[in-house]
Amino acid sequence: MLMLGILLYHPAQAQTHVQPSRAMTQSHTIPNEDTTSGKQFIAVADNSGTSGNPGNFSRAKPLDLNRSQSGNSTLDVIDNLPPRTIGVSDVMPVMNDRPLVSMMAVVLFVIVVIMMIYGVRHFAFTISRLFGRQRHPYIDIEDANWPMITVFIAAHNEEKVIAGCIEALLDTNYPKNRLKIVPVNDRSLDRTREIIDDYVARFPGRITPFHRLTGKGGKSAALKDALPYIEGDIVIIFDADYVPGRGLLKQLVAPFFDPEVGAVMGRVVPMNTGANLLTRMLDLERSGGYQVDQQARMNLKLLPQYGGTVGGVRCSAVNAVGGWHDDILAEDTDITYRLMLNGWKTVYTNRSECYEEVPEDWAIRIKQVKRWSKGHNQVMVRYWFQFLTSPYLSLRERIDGMLLLLVFIVPLLLLTGWFIVLALYFANAGSLLNRLIPAFALMAFSTMGNFAAFFEIAIAVLLDGNRKRIRLLPFNLLCFFISLLAISHASWSLFVDWIFKREMVWDKTVRYRQPPVP
């Protein structure tokens, strides 16, 4: 930041002053030849200055070196020359004369500031999680007059995992007469329907299937079509690969006793962590995101995010803010922001853990990140102004919500910053100082900005009690760089989709568990 300030500082306003000596004068003579007269010039430091007015860089008058050889001292002649001040503009290009370089410097400065804001945010969340008061306001509710709820299981070609989710929900301790389980089978072409129908036959009255044969693709469209199957005002949603614990439904429903709560989110924990290096890195990422980031927002009374699975919404609240949208990839983020900007609260319950499968190969991981990025940025474009002007939000809630809303723009800014750093380096190659400015800028926003999320991961590992996992933290740099490129590509792709009015495509995440034997 300081170095960029130097870059933007108008050089004409600064002058270089040096306290000379005879030795210094001798070592700084720079002979130049006048091609018209054949005489030579010497640029020297004038030693006539005092301690209060140090000598300045001066340019000598034409000097005949032969004269110095005949007996007159060269230095005596130089001492009598009139001084001329040389400013920084003589050794560093004036930025006003290079508008493109100046503009790039300003853009880089802005990127550095944004990165440092995110760095402060991550650090504040980490400190809150370590030393702040931990808020779990609804976790102790065990006995209550539990309301009627509907549980959706989103399924598209889920023959490998759907059975595990249904069996876990059948084993829940939530009152059976208050629970309706609805597997939402979205145009599956494998054995998903067969498996669902088998459970319907084995547990009559417990499961009500919805087999969707046609319609728009994507989870949000399928859930929207399943809305007529809802009983009660609360719907809990799981993706088919999730395995909820026996007491999870009560933990997720308890916050809805607060009439201001519109959505609830639990913690996601990978179950296939030991598959390979990628799954181990994703486990660290999930830990930082939920154990620290989401819980810190809850601690600080900010805006925890509803994640679309291992969570639930109040149907009357969703209807009040416009209903379920099926034209967006991130229906969870869409619902979160519409609820928040209309005054509804979202709640995160860190102790309500549910287990999922994470991608085991990079191709699937990249597709998943691209889908998240596109959907999140769609929400940003739609609601940023409404969010900033909502009368129901405090200033800090607006700041936190906007930082969350812009999170999938940050990788694109970061990549842009790297390109600007390289451009500034080559554009200012004539000055060592200018070479160092981009390097310091790169260090500033790389260390204090994007890498600050690694603070959260380290603390999450500490809080989870498995410190040996911290050894894998350096490998997350690889995951970070791949995600950076994938998100940047997705942001550009979203812009191209908007220009050419292309239809969005839902890329399903591949499952890895073995299907049950029929």
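A residue counts as buried when its relative accessible area is under 20%. By this criterion, ten of the ten residues of strand β9 are buried, so the strand is largely enclosed by the rest of the structure. The model described here is predicted.

The secondary structure of the chain comprises 18 helices and eleven strands. Of its 518 residues, 49% are classed as buried. Among contacts with a separation of 6 or more, 79% involve residues 24 or more positions apart. The accessible surface of the chain amounts to about 24500 Å², and carbon and sulfur atoms contribute 60% of this area.

Strand β9, which spans residues 261-270, takes part in pairings of both senses. With β11 (residues 345-356), β9 pairs in the parallel sense through nine bridges. Within this pairing, G266 is placed opposite T349, and V269 faces Y355. With β10 (residues 311-314), β9 runs antiparallel, and three bridges join the two strands; here A263 has V313 as its bridge partner. Strand β11 is also joined to β8 (residues 243-244), in an antiparallel arrangement with two bridges. One of the residues involved is P244, whose partner in β11 is C354.

The largest nonpolar core contains 61 residues, of which I149, F152, I236, F238 and L249 touch the most other members. Helix α6 (residues 162-170) supplies the largest share of this core, six residues. When residues up to four places away in sequence are not counted, the contacts of I236 include I149, T150, V151 and F152, together with L249, L252, V253 and F256. The glycines G311 and G312 are also touched by I236.

The buried positions are E397, R398, D400, G401, M402, L403, L404 and L405. These residues pack against helices α5, α10, α12 (331-341) and α13 (362-388).

R297 pairs with D400, with the closest N and O atoms 3.8 Å apart. This pair links distant parts of the chain, since R297 belongs to α10 and D400 to α14, 103 residues apart. R297 is buried, because its relative accessible area of 4% falls under the 20% limit. D400 is likewise counted as buried, at 4% relative accessibility.

The structure holds 31 salt bridges. In one of them, the side chains of E142 and K250 meet at 3.8 Å, N to O. The two residues lie in distant parts of the chain, 108 residues apart, with E142 in the loop between α5 and β4 (149-155) and K250 in helix α9 (residues 248-253). E142 is partly exposed at 44% relative accessibility, whereas K250 is buried at 12%. A further salt bridge joins the side chains of R286 and E285, with an N to O distance of 3.6 Å. In this pair R286 is buried, with a relative accessible area of 7%, while E285 is partly exposed at 27%.

Salt bridges also link R267, D283, E353, D464 and R469 in a network. Of these residues, D283 is located in helix α10 (residues 277-299) and is buried, with a relative accessible area of 8%. Apart from residues up to four places away in sequence, D283 touches P270, T273 and R469.

On the surface, a nonpolar patch is formed by F123, I127, L130, F131, F455, L462 and L463, which together have about 630 Å² of accessible area. Helices α5 (99-131) and α17 (453-464) are the elements that give two or more residues to the patch. The largest share, four residues, comes from α5. I127 is located in α5 and is partly exposed, with a relative accessible area of 33%.

Technical notes. Residues are numbered from 1 along each chain as its sequence is written. This is a predicted model: local features need pLDDT of at least 70, side-chain atom pairs count only at pLDDT 80 or more; totals for chains, interfaces and linings use all residues. Side-chain values use heavy atoms; hydrogens and water are left out. A nonpolar core is a set of buried Ala, Val, Leu, Ile, Met, Phe, Trp, Tyr and Cys residues joined through side-chain atoms within 4.5 Å. Buried means under 20% relative accessible area, exposed over 50%, partly exposed in between (1.4 Å probe, protein chains only). Contact means heavy atoms within 4.5 Å. Patches are made of residues with over 30% relative accessible area and no salt bridge: like charges are joined within 9 Å, nonpolar side chains (Val, Leu, Ile, Met, Phe, Trp, Tyr) within 5 Å. Accessible areas come from the Shrake-Rupley method with a 1.4 Å probe; for residues, only the protein chains shown count as cover. A salt bridge is a side-chain nitrogen of Lys or Arg within 4 Å of a carboxyl oxygen of Asp or Glu. Two strands pair if DSSP finds at least two bridges between them.
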